[in-house]
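Welcome! Let's walk through this structure together, one question at a time.

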Amino acid sequence: MTPFIAEILGTMIMILLGNGVVANVVLKDTKGNNSGWIVITTAWAFAVFVGVTIAGPISGAHLNPIVTLGLALIGKFNWSLVPSYIFAQMIGSMSGAFLVWLSHKDHFAATEDEGAKLACFSTSPAIKNNISNLISEVIATFVLIFSIFYIAGPTLQIATDSTATIGLGTIGALPVAIVVWVIGLSLGGTTGYAINPARDLGPRIMHAILPIKGSSNWTYAWIPVLGPILGSGLAAALYLVLN
């Protein structure tokens, strides 16, 4: 296991479980059909928990290009590693999306609603308004990244007046999952809260490649990429001013 492989696997599992719950809710004849927004936001939060648990000890579990970018902007991550992390996240997101399709293949075939099938891969606005949609993604991503900057494990004061980090194991992934959960419940209803360019772009590419009927909605695809980038930059700027 290397940081590169950890980012691939962590992102892949996160997308498999996160987009998998969308497929379970919106595709025809699944056991979870029409189970609703609470199911989707809860499972997405736990999907993040699982991905962070897998990758955390090895790579720090960014699983998101704007987490990588944000940490680099505030000086907590080496810029030389940014390209390889983002490349790994894209590979992982595309792989996870493929597995969602593979595991729900019969249900994709049974579903006539092209929008529902696209929703299993990428986000779309509830009300299309590019400016409002972009602002929604900026705000939601700002909350995610600014919160992540302040999430840290506890430390223990030792006799030499220095500190040692206390390992939390899988519990260390819980704060991030909770932040994602509340973002989904509070801010996610406008655009589907991409808050992660790889999470949206990678699966959207797979939707275009796989034998699935319907548009991949490329005219909207720039919003869940640019919005998170701007949100991450604003979060980094405020963090640097305050610290």
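Buried means under 20% relative accessible area, exposed over 50% and partly exposed in between, with a 1.4 Å probe and protein chains only. Helices (H or I, at least four residues) and strands (E, at least two) are DSSP runs, numbered from the N terminus. This is a predicted model, in which local features need pLDDT of at least 70 and side-chain atom pairs count only at pLDDT 80 or more, while totals for chains, interfaces and linings use all residues. Residues are numbered from 1 along each chain as its sequence is written, and side-chain values use heavy atoms, leaving out hydrogens and water.

Q: Which residues of H3 are buried?
A: Seven of the nine residues of H3 are buried, so this helix is largely enclosed by the rest of the structure. Its cover includes H4, H7, H9 and H10, counting a contact as heavy atoms within 4.5 Å. The buried residues are Pro65, Ile66, Val67, Thr68, Gly70, Leu71 and Ala72.

Q: Is Asn19 buried or exposed?
A: Asn19 sits in helix H1. Beyond residues up to four places away in sequence, Asn19 touches Trp44, Val100, Cys120, Phe121, Arg199 and Pro203. Its relative accessible area is 0%, so Asn19 is buried.

Q: How are the rings of Trp37 and Tyr193 arranged?
A: Rings of Phe, Tyr and Trp (its six-membered ring) pair if their centres lie within 6.5 Å; planes under 30 degrees apart count as stacked, over 60 as edge-to-face and the rest as tilted. The whole structure holds 10 aromatic pairs. The centres of Trp37 and Tyr193 are 6.0 Å apart and their planes are at 70°, so this pair is edge-to-face.

Q: What is the angle between the planes of Phe108 and Phe121?
A: Phe108 lies in helix H5 (residues 105-110) and Phe121 in the loop between H6 (114-119) and H7 (130-150), so the pair ties together parts that are 13 residues apart in sequence. Both of these residues are buried. Their rings form a tilted pair, 5.6 Å centre to centre, with a plane angle of 45°.

Q: How far apart are the closest N and O atoms of Asp200 and Arg204?
A: A salt bridge is a side-chain nitrogen of Lys or Arg within 4 Å of a carboxyl oxygen of Asp or Glu, and the structure holds one. Asp200 and Arg204 both lie in helix H9, four residues apart, about one turn of the helix. Asp200 is buried, with a relative accessible area of 0%, and Arg204 also counts as buried, at 0%. The closest N and O atoms of this salt bridge are apart by 2.8 Å.
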